[in-house]
Amino acid sequence: MSGSILDIFLFVVLPYAATAIFFIGTIRRYRTQPFSYSSLSSQFLENKKHFWGLVPFHYGLIVILTGHLIGFLIPRTVLWWNRVPARLYILEISALIFGLLTLIGLIQIIYRRFSSQRVLVVTSVMDWVLYVLLLIQIVLGLYTAVAYPWGSTWFAALAAPYLWSLCKFSPDVSFVAPLPWMFKAHIVGAYALIAIFPFTRLVHLLVYPLPYVWRKPQVVRWYSRPEGIR
Amino acid sequence: MNVRSQIAMVFHLDKCIGCHTCSIACKNIWTDREGAEYMWWNNVETKPGTGFPTRWEDQDTYRGGWEVKEGKLRLRSANKGYVLGKIFHNPAQPSIDEYYEPWTYRYQDLFNAPEGSDQPIARPVSKITGKEIAIEAGPNWDDDLGGSPVYAENDPNLDSLSEEQREQLFAIERLVMFYFPRICNHCLNPSCVAACPSGAIYKRGEDGIVLIDQTRCRGWRACVSACPYKKVFFNWKTGKSEKCLLCFPRLETGQAPACFHSCVGRIRYLGVLLYDADRIEEVALSSDENLIEAHRSMILDPHDPQVIRQAQSNGVHDSVIESAQKSPVYQFVKVWKMALPPHIEFRTLPMLFYVPPMSPVMSMRKGDVLTQSDQGLFHEIDNARVPMQYLAKLFGAGHDAKVRYALKKQMAIRSYRRAVTVGDIEPHIADQMLREADCTPAEAEAIYKLTSLCTFEERFVIPPMHREEALEMMEDPMDHKRETGFGVMDKPMRGS
């Protein structure tokens with residue numbers, strides 16, 4: 001392990017702390033305040049701007065996060081893919097497009113929160129904290145993508161081994177210590193988001209209703225039968 | 001045969017006076033809260049009219065209920081993958097503007113206004129934003145506006161009428177309206193349950209009441225658009241859906257639901273129906289023309305020994321079977337065939353049935369005299385101001401045979417009773433009418449009694465709900481000693 005005190009704090013202490021907060025926070029909230037787990041949708045109060053914000057934001061973010069996950073899980077395959085320039089350009093350009101979609105969606109979401117009185121009423125302090133953090137995070141990500149090209153390659157070469165070192169509990173900051181500060185800020189922003197996750201509306205992500213795909217259409221509960229839900 | 005019991009309802013529309021007492025009773029008990037102000041789990045609509053929310057019957061817009069596609073039953077809103085794909089923005093979801101923005105008035109202004117030459121007024125303010133608003137709609141905004149070009153003319157059910165009939169309906173001397181009180185139908189094949197991605201909505205096995213588990217609801221809103229009757233509401237404050245719960249806490253203590261109990265016109269009946277749960281899908285797949293008959297056929301005779309045996313083996317309590325035998329709903333729906341489900345073509349198999357309303361007869365000119373008489377004993381049914389096709393659209397999936405039957409019986413009984421009490425109708429004519437309406441004098445007396453002279457206990461035959469046998473009673477109360485209590489530990493507060 002090498003690196004300055006600050007590097008160690010930001011890239012070793014912070015990720016572990018954030019992850020601990022994430023798990024303890026979400027589980028505790030689920031056990032003690034199950035009612036508060038909701039998407040907190042405001043579509044009911046404003047139906048038109050909603051579409052232009054929520055749809056690009058969510059689909060953009062899903063693709064971008066999946067991209068990050070792939071770079072983390074199978075970095076070698078990403079490097080192999082990027083060996084051919086044409087394939088690299090396709091990957092980078094589509095990633096940039098989805099990144100921009102996310103940004104445009106988020107800006108629309110924030111604008112909607114301000115411009116619709118009704119939606120403003122149901123906006124909490126944590127919502128604003130979340131929006132500011134998300135906005136910074138997405139802008140930093142897009143800036144990194146544009147200013148330091150072929151991020152998909154060097155993410156696989158630098159960030160992936162760093163993240164793996166964290167997972168193996170032998171943190172090695174030498175991968176990320178020399179990186180430009182804008183990118184370091186992007187990493188720190190990610191940890192900050194993980195840390196505030198349990199205290200924001202982000203928890204709805206954990207209850208995405210995938211079991212819906214295989215459950216029976218009708219749900220019957222018996223209050224007098226041991227099998228309960230049938 | 002999988003016999004289950006269901007608390008079912010009949011609303012006798014010919015008796016409804018449109019006073020909204022039911023709505024107020026419900027509002028005061030259940031929805032007088034922030035986030036729920038706009039909800040009317042019970043509402044009374046004027047028909048023809050657009051209803052609440054606006055044009056809720058128009059499923060091309062809201063995509064509620066089921067449809068038959070390639071011989072299979074499918075949610076009209078979407079298949080499962082599509083539901084999850086549209087979870088971020090539901091294109092068929094009504095917004096609050098389709099209901100109305102709840103408001104109050106700044107009454108304090110009446111007291112605090114400085115002295116002046118003008119009258120102080122209390123301005124309307126939104127109950128959501130607290131800001132001044134211009135009121136544009138309310139829950140019964142089209143109340144009594146039978147001939148209104150804004151409301152009545154946009155009733156989706158009028159699509160079944162010819163251009164000429166529509167014009168006639170709005171001629172001033174023929175204007176007509178009737179009331180249509182609505183609550184959740186507690187369907188046998190509820191589309192809200194099937195559409196809920198979280199599996200939070202469920203039907204109670206013992207009594208068929210459809211409820212939303214508030215701690216499992218995640219606010220995905222699929223139920224709001226999936227319910228073709230628009231009886232699931234989104235609480236904008238808590239971010240959860242809510243709906244009519246048939247006052248189950250009252251039912252469990254032997255009391256009638258608030259809207260039933262308070263009904264001034266005594267139009268409401270409540271009782272148990274036994275039905276065959278194995279046939280739900282098959283019945284919902286029937287063609288439009290056969291839906292009502294199929295729906296009726298899955299309701300079982302509670303006196304049939306075989307049904308009783310099956311019910312017992314399926315855990316239906318003897319006291320519930322006994323109450324099914326006394327059920328006024330069974331009489332109206334199955335024996336007398338007078339009560340019909342609303343919009344059964346949505347295929348959710350509603351368990352709330354309506355006795356269709358009689359309406360004034362159209363007058364016609366004979367020489368210089370306006371008269372209502374014509375030949376034929378039942379001429380009034382086809383000359384009624386509410387066109388048969390309109391009622392057929394509401395209560396017959398577009399086919400008028402069942403509606404006609406129910407109206408004919410009502411009319412025959414009316415004449416029969418008139419022959420008895422007033423005596424200006426020849427008894428043989430009254431008898432002939434009864435025969436033509438598939439009714440006997442004994443049945444006519446029974447219907448007359450349950451319609452006009454019914455007592456509270458005859459209208460509401462509430463079965464014992466046997467909560468003493470519920471599983472939670474098996475738990476040791478001492479387990480919870482020193483805990484906060486048995487109920488919700490955290491207040492139902494909006495998350496952050």
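Into which domains is chain B divided? In this predicted model, chain B comprises domain 1, residues 101–135, and domain 2, residues 265–459. The centres of domain 1 of chain B and domain 2 of chain B, taken over C-alpha atoms, are separated by 48 Å. Glu445(B) belongs to helix H19 of chain B, which covers residues 441–452. Glu445(B) is classed as partly exposed because 14 other C-beta atoms lie within 10 Å, a count that falls between the limit of 12 or fewer for exposed residues and that of 20 or more for buried ones.

Chain B also contains an open sheet of four strands, arranged in the order S13-S12-S1-S14 with mixed pairing. Strand S13 (299–300) and strand S14 (352–355) of chain B form the edges; each has a single partner strand, so one side of each lacks a neighbour in the sheet. Strand S1 of chain B, residues 3–12, runs parallel to S14(B), and four bridges join the two. Within this pairing, Val10(B) is opposite Phe353(B), and Phe11(B) has Tyr354(B) as its bridge partner. Strands of a sheet pair in this way through backbone hydrogen bonds, either parallel or antiparallel.

The side chains of S14(B) fall into two sets. Leu352(B) and Tyr354(B) point one way from the strand, whereas Phe353(B) and Val355(B) point the other way. Leu352(B), Phe353(B), Tyr354(B) and Val355(B) are all buried. Helix H13 of chain B, residues 318–325, packs on the sheet and touches S1 and strand S12 (268–276) of chain B. The direction of H13(B) makes about 120° with that of S12(B).

Chain A has eight helices and one strand. Along the sequence, its pattern is α-α-α-α-α-α-α-α-β. The C-alpha trace of chain A spans about 60 × 45 × 35 Å along its principal axes. Of the 230 residues in chain A, 27% count as buried. Among contacts in chain A between residues at least 6 apart in sequence, 81% join residues at least 24 apart.

One helix pair in chain A is formed by H2(A) and helix H4 of chain A, residues 85–115, whose axes come within 7 Å and cross at roughly 145°. The crossing of H2(A) and H4(A) is left-handed. The contact of H2(A) with H4(A) includes 14 nonpolar, eight polar and two charged residues.

The contact between the chains takes 46 residues from chain A and 43 residues from chain B. On the side of chain A that touches chain B, the elements giving two or more residues are helix H2 (49–73), helix H5 (117–121) and strand S1 (220–221) of chain A. H2(A) gives the most to this side, with five residues. By class, the side of chain A that touches chain B has 24 nonpolar, 16 polar and six charged residues. Strand pairing also links the chains: S1(A) and strand S8 of chain B, residues 201–204, pair in the parallel sense over two bridges. In this pairing, Arg221(A) stands opposite Arg204(B) in S8(B).

Note on methods
Residues numbered from 1 in each chain as written. Chains lettered and ligands numbered in written order. Predicted model: local features only at pLDDT ≥ 70, side-chain atom pairs only at ≥ 80, totals over all residues. Contact = placed C-beta atoms within 7 Å. Nonpolar A, V, L, I, M, F, W, Y, C, P; charged D, E, K, R; others polar. Pairing = 2+ DSSP bridges. Axes fitted to C-alpha atoms, helices over the stretch in contact; angles between N-to-C directions. Left-handed = near helix turned anticlockwise from the far one by under 90°. Domains from an automatic or database assignment.
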